[in-house]
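Hi,

Here is the structure I promised to pass on.

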Amino acid sequence: MSAPSGTLADWRLRLGQSQGALIAVAVFLAMFSLYIANHPAGLTVPVVTTAANKAVLLALVAMAQTLPVLTGGLDLSVGMVFVMTNCLASTIVSGEPWQVALGIVAVLLAGAAAGFVNGAIVVYGRLQPIITTLATGAIYYGIALLLRPVPGGDVDPDLADFMTYTVFGETVPTALVLLLAVVILIWLPFRNSVVGRGCYAVGSSEGAAYMSGVAIGRSRLAAYTLAGLLAGVAGLMLTFVTFSGEASAPIGGTYTLNSIAAVVIGGTSLYGGAGGAIGSIFGAFILRTIDDLLFVFDLPPLWQPLFQGVVLLGAVSLGAARVFRVKNRLELFN
Amino acid sequence: MQGLMQAGLKSIDRPVAVAFGFIVVLLLAGSLYSSSFLSANYLLQQLQVAAFLGLISSGVMLVILLGHIDLSIPWLVTVGGMMSTAAAGWWGPEWAIPFGVFCGVVFGLVNGLGVAILRVPSMIFTLGINAVAQGVMVLHTGGFAPQDSATPLMRWLAVERTLLGIPNAVFIWALLGVAIVVMLKKTPLGRYIYAIGNKEGATYLSGVNTRLVIVTCFVLSGMCSALAGVLLAGYSSKGYQAMGDPYLLPAIAAVVLGGTHILGGRGSYLGTVAGVILISLLASILSVMQMPEAGRQIIYGCVIVGMLLVYGRGQRVVG
């Protein structure tokens with residue numbers, strides 16, 4: 001089955017499994033180098049910080065999307081949880097330090113609760129994830145509208161400045177540190193836990209996972225709950241970037257759809273069971289860098305949406321290469 | 001006689017019965033609020049508005065029966081609306097409807113080729129096509145300032161009532177509906193669609209050209225969306241950007257509430273009709289009651305989850 005860890009065969013296996021993510025990293029580095037080379041200011045801290053603040057939002061939402069996708073599901077409500085937590089954060093994350101701290105905890109709990117509801121309906125209600133999250137997405141958008149009927153609100157300005165500027169002597173964008181912290185404190189422990197491995201098992205083959213004694217219900221529930229929590233982190237970060245909250249259906253929809261694209265570009269299979277959140281982060285970075293590249297190359301604004309669409313379509317069609325390699329067409333039908 | 005009735009009842013399965021039952025409950029509840037909910041005029045008005053969603057859902061249903069999904073609906077509806085009005089400006093009003101529908105067919109064809117030949121998951125490929133269609137439309141409006149007002153024929157089809165006071169749009173939906181029912185029930189193509197939704201590999205091994213069937217369904221879906229866009233442009237007198245945005249989620253919800261399985265292979269057109277009417281009626285009643293948007297969204301989501309919990313639950317995994 002699997003090679004002993006540390007051997008050459010083990011490393012080859014691991015590299016093979018993360019091929020998609022590695023390609024995403026390489027593509028991102030190439031694109032970002034191109035961007036920096038053509039940017040009038042070059043590689044400076046402000047340029048990187050601006051890019052990071054935009055990219056980290058999508059990266060967090062894409063990480064959130066990765067978890068349900070790994071189980072073979074999908075979360076179409078992830079953008080709406082993002083918008084809902086943004087509206088909540090613009091209402092309660094201000095005032096005295098203890099109020100701010102309490103507000104942040106409440107925002108993250110709200111995100112996790114939304115994810116838990118999704119998971120509970122999927123696991124105990126046995127409804128399909130697509131249609132469940134489509135419906136709960138409408139509910140979360142409704143709650144966002146209740147919280148913030150018109151755009152506005154407020155957030156603790158010192159904290160927002162800190163989160164959107166730099167740390168370590170003005171060298172590293174705080175947003176990237178936050179992303180790294182989420183990876184180290186949430187994603188890596190989760191992936192290596194029994195429940196996290198259960199998510200991969202459920203996505204690979206639910207029946208086999210069940211017969212092997214994997215707690216399939218608990219794994220799913222954890223995946224959706226964690227997705228809600230990560231979307232909550234992203235919503236909080238959005239509030240720090242914009243200093244306000246807005247219940248916007250287009251923002252929610254765009255982030256949901258881009259998160260799916262980022263997950264696919266990052267090498268996670270939409271059929272579940274293979275991939276990971278790190279690839280999705282770079283998938284999100286790639287999508288964001290496309291926008292930045294259009295900006296530095298001075299593409300006429302009218303052409304930008306079409307160009308973005310074509311690049312997106314091309315990127316997601318890359319996986320089609322396997323179609324031309326298979327010898328037996330039956331291999332395609334699974 | 002009794003046997004005949006039982007057979008008749010059996011052919012209407014549980015989801016369809018529940019959906020129609022819920023429609024009746026909605027109407028009765030609405031009539032408590034205002035008696036005009038039961039008037040013929042109000043009901044016809046609802047059917048007219050439902051017809052646009054009905055056209056879109058018809059195409060979406062075919063794609064869902066295959067086990068795929070079409071997320072390019074929003075901008076294909078917009079393409080239908082905007083290209084038809086533009087064609088009227090370029091070559092004359094008689095070109096409006098054919099060209100609008102033709103553009104939907106072209107995008108649907110690309111969807112089908114991507115899903116059937118390249119085997120990219122439909123969820124993500126149609127998403128890409130949606131973005132491309134949006135890009136084309138932005139470019140189109142920016143460059144030439146094209147005509148955006150609907151032709152008289154489009155307006156007549158979407159707004160007027162000719163025969164027996166029934167809106168013309170309802171006739172178009174009925175025609176399309178009958179065509180789809182005949183296709184699904186009486187032609188090999190219809191059988192292949194259900195077969196692919198159940199087991200594509202087995203269907204392929206039975207000698208069916210599965211690629212052709214998949215491409216056909218995506219073309220039909222693009223065509224239905226564009227046709228709905230043409231009529232919507234007629235209804236609001238012009239085609240404009242993002243006019244299709246509010247239709248994606250209701251279309252999928254209508255199909256699923258009507259008992260079509262989201263993973264394909266099972267479902268009836270009658271159910272989709274019930275789902276479409278239910279969604280339109282719910283939206284209408286909530287807006288008459290002056291429910292704010294927030295409450296509408298929450299109720300809408302709860303109704304979908306609630307109804308599916310009654311009849312749309314999956315099997316427990318047992319190995």
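Let's start with a loop: A:R126 sits in the one between α5 (97-123) and α6 (129-147) of chain A. Helices here are DSSP runs of H or I with at least four residues, strands are runs of E with at least two, and both are numbered from the N terminus. A:R126 isn't a glycine, yet its phi is positive, near 55°. It counts as partly exposed because it has 16 C-beta neighbours inside 10 Å. For the cut-offs: 20 or more other C-beta atoms within 10 Å of a residue's own make it buried, 12 or fewer make it exposed, anything in between is partly exposed, and the C-beta atoms are placed from the backbone.

Before the rest, some housekeeping. This is a predicted model, so local features need pLDDT of at least 70 and side-chain atom pairs count only at pLDDT 80 or more, while totals for chains, interfaces and linings use all residues. Residues are numbered from 1 along each chain as its sequence is written, and chains are lettered from A and ligands numbered from 1 in the order in which they are written.

A:F243 has a positive phi too, about 60°, and is not a glycine either. You'll find A:F243 in the loop between α11 (216-242) and α12 of chain A. With 16 other C-beta atoms within 10 Å, A:F243 is partly exposed.

Now the helix packing in chain A. Helix α3 (residues 45-70) and helix α12 (residues 249-265) of chain A have axes that come within 8 Å and cross at roughly 70°. The axes are lines fitted to C-alpha atoms, for helices over the stretch in contact, with angles from 0 to 180 degrees between N-to-C directions. On the α3(A) side the contact is made by A:L58, A:V61, A:A62, A:Q65, A:T66 and A:V69, and on the α12(A) side by A:Y255, A:N258, A:S259, A:I260, A:A262 and A:V263. Contact here requires C-beta atoms, placed from the backbone, to lie within 7 Å. By class, these residues are eight nonpolar, four polar and no charged. Nonpolar covers Ala, Val, Leu, Ile, Met, Phe, Trp, Tyr, Cys and Pro, charged covers Asp, Glu, Lys and Arg, and the others, Gly among them, are polar.

Helix α8 (residues 174-192) of chain A packs on α11(A) at an angle of about 170°, with the axes 12 Å apart. The two are therefore roughly antiparallel. A:A175, A:L178, A:V182 and A:F190 of α8(A) meet A:L226, A:L230, A:V233 and A:M237 of α11(A), a set with eight nonpolar, no polar and no charged residues.

Over in chain B, the axes of helix α7 (residues 152-159) and helix α8 (residues 168-186) come within 5 Å and cross at roughly 80°, which means that α7(B) is roughly perpendicular to α8(B). B:W156, B:L157 and B:A158 of α7(B) touch B:N168, B:A169 and B:I172 of α8(B). Those residues split into five nonpolar, one polar and no charged.

What about α13 in each chain? In chain A, α13 (residues 277-296) has 20 residues and spans 29 Å from first C-alpha to last, close to the 28 Å expected at 1.5 Å a residue, where the expected span is 1.5 Å times one less than the number of residues. Since 14 of its 20 residues are buried, α13(A) is largely enclosed by the rest of the structure. Just after α13(A) comes A:D298, with a positive phi of about 60°. In chain B, α13 (residues 269-288) has 20 residues and reaches 29 Å, and 14 of the 20 are buried, so α13(B) is largely enclosed as well. B:Q290 follows α13(B) and has a positive phi near 55°.

Last, the interface: 47 residues of chain B are in contact with 46 residues of chain A. On the chain B side, α6 (122-144), α10 (200-205), α12 (248-257) and α14 (293-311) each supply at least two residues, with the largest share, 15 residues, from α6(B). That side divides into 29 nonpolar, 13 polar and five charged residues.

Cheers

Key:
Angles under 35 degrees count as roughly parallel, over 145 as roughly antiparallel, 65 to 115 as roughly perpendicular and the rest as oblique. Two residues are in contact if their C-beta atoms, placed from the backbone, lie within 7 Å.
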